[in-house]
Every structure is written in structure tokens, then in C-alpha cells.
Amino acid sequence: MINKSFFVLKLITLSCALSLSSYAGDAAIGEKKFKEKNCVTCHGPKGMGLASYPRIGGKEISYLTKRLETYRAGKKVGSNSDLMIMNAKKLSDEDIADLTAYLSEQNFD
Amino acid sequence: MRNKIKWLSKSLIVGLSALSVSAFADDTPKIKVEQVHKDLKNPWDMAFLDNDTMFFTEKCDGLSVATKDGVNKLYGMKGSKGYPSAGEDLFCEGQAGMLGLAIDPNFKKNRMIYVASTSNKHHGDGCKDNKDVCNGNIVMKFKVSEDFKSVSERNDIITDIQYKPFESDHPFGGPGAHNGARLRFDKQGALWVTGGDRHKGDCPQSPTLICGKVLRVDTDGNAWKGNKPPKGFDKRIYTYGHRSVQGIAFHPKKNQVFTAEHGPWHNDEITLLQNGKNGGWDPAPNVGGRGDCPDDYCGYMPNQKEGMDPAVRGAFTPMSDTRFKDLMYPTWNNMGLSQGTGSAAFLTGKQWGKWENRLVVGVMGIAFGDTPAGARIDVIDLTDDGKAIRGVITMPMGFSERFRGLTMGPDGALYAAVDEGKIYKITAE
């Protein structure tokens, strides 16, 4: 009986972990966060890219996630990395999922 | 008695009404904002010949002119498309590219215009690393054709403005940093060229390096007679000790010139320039009580990778360091914050009501640390001597964008270029 309970608990823990890592992100919430977290100030509306800040709208989720996770870990990728490291440090997994879901949907054609 | 009370209350009501009318019937203009151009690539500066002819630059594309018949591309940069001619030496990188623009006061006779850009044509033996002398920002002069469809006779009249060629260990550390590069003619016909420190610690206080300076020159790029830089300084220098001056404007009624300067996470500054004086920016290491700094540039120190109280940062590397005896104290410092002042102009004409002759400054908006982004156009009421302000308000645009370029049109409207790729016409009613 104890063994069975332990197995069920393990299953629940595993499914929770799985659901967190596979959280798809909500583009509508991502749009809100894009503005609230001031990403829009540099990267512009929909992440169009402004001045010396690159276009990030329309990029694939995998690319954006990898970049944000790298910055969050304090690692540099190209010039002006320190700015992104400073901002990405504050992002949760959920933030990254929401932001990347929103940005990946943008189209500038 | 009753009649007396009646008379008194009537008088009081009439008196109060008159008071309230005089208190509210001021002549603050109502403004109308209209988008006149869109889908541009980082429009940076504009210059008007007349109501129907506006030249403009796009940072990574080139020079164009908008006429009543449409937009004509005139002179492109390396890799740009659709221009009748291009400079293969002109490039954009980071904050650098094709930036400031001015029309010769004698355009009707000589058809000349002036354009600032980044170029690799005059590097010579320099630009091997960030500490090297790197002549990479230039001012060019062109002749515009009669049909406004092309330019010719390019002449590089200033070829030794410094450029940052490589990345450095700083928060905004990419190449191409801090170029200034706003061009404006004054009423006497002198061309003013604003500059930036290009992340080189010894630039702003150097007597000979053309970086962190405001130049006053003639139409051939020679020093303007009457410049009074300190002994041993390049004669083209009007003021020195600047960080990144993207705005310059001349008071319409007085002999006063003001700059708008972008601060380093503290103190954007408006400064009344004084001939030969010092803006007080000195990001060099091992001076002013500081030790070594990353890549010999203390402009973001201390604690350059984290947000911190702007006042503490400002005390470490001040925008206007009071240890300089020839310091020009700033007229205004944006309440100690840096939100990115971009351009400046004076509102001229009666249509602006109580705003007539006030200074407008475009703020691009930067939100690092706990500083609010603050993209806006400020309307600044300067004191008569230009050394302080009476007040500042935000122009009620109804939206926030990165206001990069401001210029008055001959029609009495203010024109604003934004990094978002648009140009707005702002009319007072």
C-alpha cells in the first residue's frame, strides 16, 4: 500500500514537472508583459527593432527562448549583452514562455 | 440692508467669474498631431527648404527628399537600394550611420546641403582598436540637382570626427557608440556639428581629438572666426567636455545656443553653450578620485552591470564635473535621470501661444534600473538668461514613441521623426 502511494505521488510530481516545462506560453499575456517589462521601449512595437536594438518579433520560439535563457544565466551573446542580462535576470520560465509566444506570432511583411 | 447684501453678492459673483475666466483663459495652444510619413527605416534628421521640400536621413539607408510629387532617394549607403548614387564607404553600425542634416543658408544660389555619416574612407592607419585614433565620422557636402532627383560633387569637409570601431566591456558596449552628429546652421551662417565621446575615456577633455566636442565651422569645414577654445585646442572647437550631444537649437530672439545631451543613466542635460567652455564630462580613469575602469572608460561606473541610484552614479562620474573651473553648468538635468534626450528646437510663431520661443526636446525613453522610460517631447520654459528653467511640461501627444529628431517647418509646425519609422507634423491651433 505504501509502495502504491509512493508511486502515485511520484507520478503526480513528474506530471507537474512535465506540465511546467511544457507550458506553451500565452501570447496575450506575453503582449502585456512585453509592455510592462519595458521590452517595447528598446525593441519597439511588436519587437520590430529600433535604432541599435535588434528586431526580435517574428523569430522562432526556440531561438528566442535560448537567447533569453542564456542572458538570464548571465552569459554574453554579442554586443550590448549586459543590458539584456540585466533585464533577463528578472524573468521566470513562465515569463519567457509568454514573451516568446507573443513575439513569435509577429509578422512584418 | 437686504438690497446691500444683494448688491454685494452680485458683485462677488461677477468678480469671481471674472477671476476664473482670467485664470483659465490662457493661450496654451491646442495641438494637432498628424502622421506625414511612415515605413521609414530609422529616420534621424530632417531639414526644410520650403513647405514642399523636406530632406531627411534614414540611419542605415541614406539621404532622401520629400517633395509635393513624392519622395526622391538621393544618396545611399553601402548595401542600400534604389538610390541613384551611393557612397560605398558609408555604413551603419550600432548608433552610428547617416545622421544629421542641414541646408546651406545660400541654397538658392549654391544648392548645397550637408550630411553627417559614418565612413571608412578616412581611417588611414587608425581604427586598429578602440584606443586608436579612428577617423570614422565625417561631414559631407553635396550639390542638389535642379529637379531634386540626385546629388553630386560630394566633398568631405570634416573627416576626423572619432568613431568607435569595436565592442568594449560596457553595458551599451557595441561599436558605433556616441556620435552626436546633429548639424544646424545659425543665423550668421556658421555650421554647428555636435559630437559624442565614442566610449573613449580621454576624448571629451582632449584638446585635439574631435570627439565629445561641439564644432562651429564654415561651409568648407574650417574653424569659424571667433571660436575661443583654450590654448592648444583645435580651433574648430566651440565647446568641449560632452558625452553625446544629439540636440542643438538657437534661441529665435536671443544670442543663445542650447544643446540637449544624452546622460549615462543619470542627468540628461540641457546646456546654454559658452564659447570655449567645458561641458564637464570626463569619463577617463584615474582622475576625479576614480581608479581604473573597464576598457579605460568610466562612463557607466560604478557597478556598471546593475541598476543603482542615479545620484550615486552621477557623483562617481558626473555629467558636469565641478572640478573644472571653466564648467558650463547645465540649465536643466532632467531631475537627475537619463531617459535619452535626442533632439532640440525652438517653437517659433504666434500660433504657439504661450509656448512661443520655448525649447522643445525629444526624449527617446530608456528604462533601466528603476528609471521610468519617459519617451516624450518636453516643452521647456527657459529663464531670460538661459541658465535655468521656469518650468517644463510634456507636450500632450497622446502616445509615446522614441522622439529622435525635431525640427521646425517653414509652415510653423513642429516636425518629429521617431525611431518607429514615422515623421509627425505637430500643429498649434
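How many helices and how many strands does chain A have?

Analyst: Chain A has six helices and zero strands, where helices (DSSP runs of H or I, at least four residues) and strands (DSSP runs of E, at least two residues) are numbered from the N terminus. This is a predicted model, in which local features need pLDDT of at least 70 and side-chain atom pairs count only at pLDDT 80 or more, while totals for chains, interfaces and linings use all residues. Residues are numbered from 1 along each chain as its sequence is written, and chains are lettered from A and ligands numbered from 1 in the order in which they are written.

Read from the N terminus, the elements of chain A follow the pattern α-α-α-α-α-α. Of its 109 residues, 32% count as buried; a residue is buried if 20 or more other C-beta atoms lie within 10 Å of its own, exposed if 12 or fewer do, and partly exposed in between, with C-beta atoms placed from the backbone. Among the contacts in chain A with a separation of 6 or more, 64% come from residues 24 or more positions apart, a contact being two residues whose C-beta atoms, placed from the backbone, lie within 7 Å.

Within chain A, helix H5 (residues 81-88) deserves attention, as the contact with chain B shows. That contact takes 12 residues from chain A and 19 residues from chain B, and the largest share of the chain A side, three residues, comes from H5(A). By class, the side of chain A that touches chain B has five nonpolar, six polar and one charged residues, where Ala, Val, Leu, Ile, Met, Phe, Trp, Tyr, Cys and Pro count as nonpolar, Asp, Glu, Lys and Arg as charged, and the others, Gly among them, as polar. For the complex, the predictor gives an ipTM of 0.81 and a pTM of 0.90.

In H5(A) itself, A:Ser81, A:Asp82, A:Leu83, A:Met84 and A:Ile85 are buried, and the buried residues of this helix pack against helix H4 (61-72) of chain A. Beyond H5, A:Lys89 lies in the loop between H5 and helix H6 (93-104) of chain A. A:Lys89 is exposed because it has 12 other C-beta atoms within 10 Å, and its C-alpha atom is separated by 16 Å from that of A:Glu36, 53 residues apart along the chain.

In soluble globular proteins, nonpolar side chains tend to be buried together.

Leaving aside neighbours within four places in sequence, B:Ala344 is in contact with residues including B:Gly247, B:Ile248, B:Ala249, B:Phe258 and B:Ala260. Strand S15 (residues 245-250) of chain B is mostly covered, with five of its six residues buried. S15(B) runs antiparallel to strand S16 (residues 257-261) of chain B, to which five bridges join it, and two strands are taken to pair if DSSP finds at least two bridges between them. A hairpin of six residues links S15(B) to S16(B), and B:Val245 has B:Glu261 as its bridge partner in S16(B).

B:Trp265 counts as buried because it has 21 C-beta neighbours inside 10 Å. Most residues other than glycine have a negative phi, and most peptide bonds are trans. The peptide bond from B:Met301 to B:Pro302, by contrast, is cis, with omega near 0°, and B:Pro302 is found in the loop between strand S17 (269-272) and helix H3 (310-316) of chain B.

Over residues 14-24 of chain B, however, pLDDT stays under 50, and the model has zero contacts beyond four places in sequence for them.

Definitions and conventions: pLDDT is the predictor's confidence in each residue, from 0 to 100.
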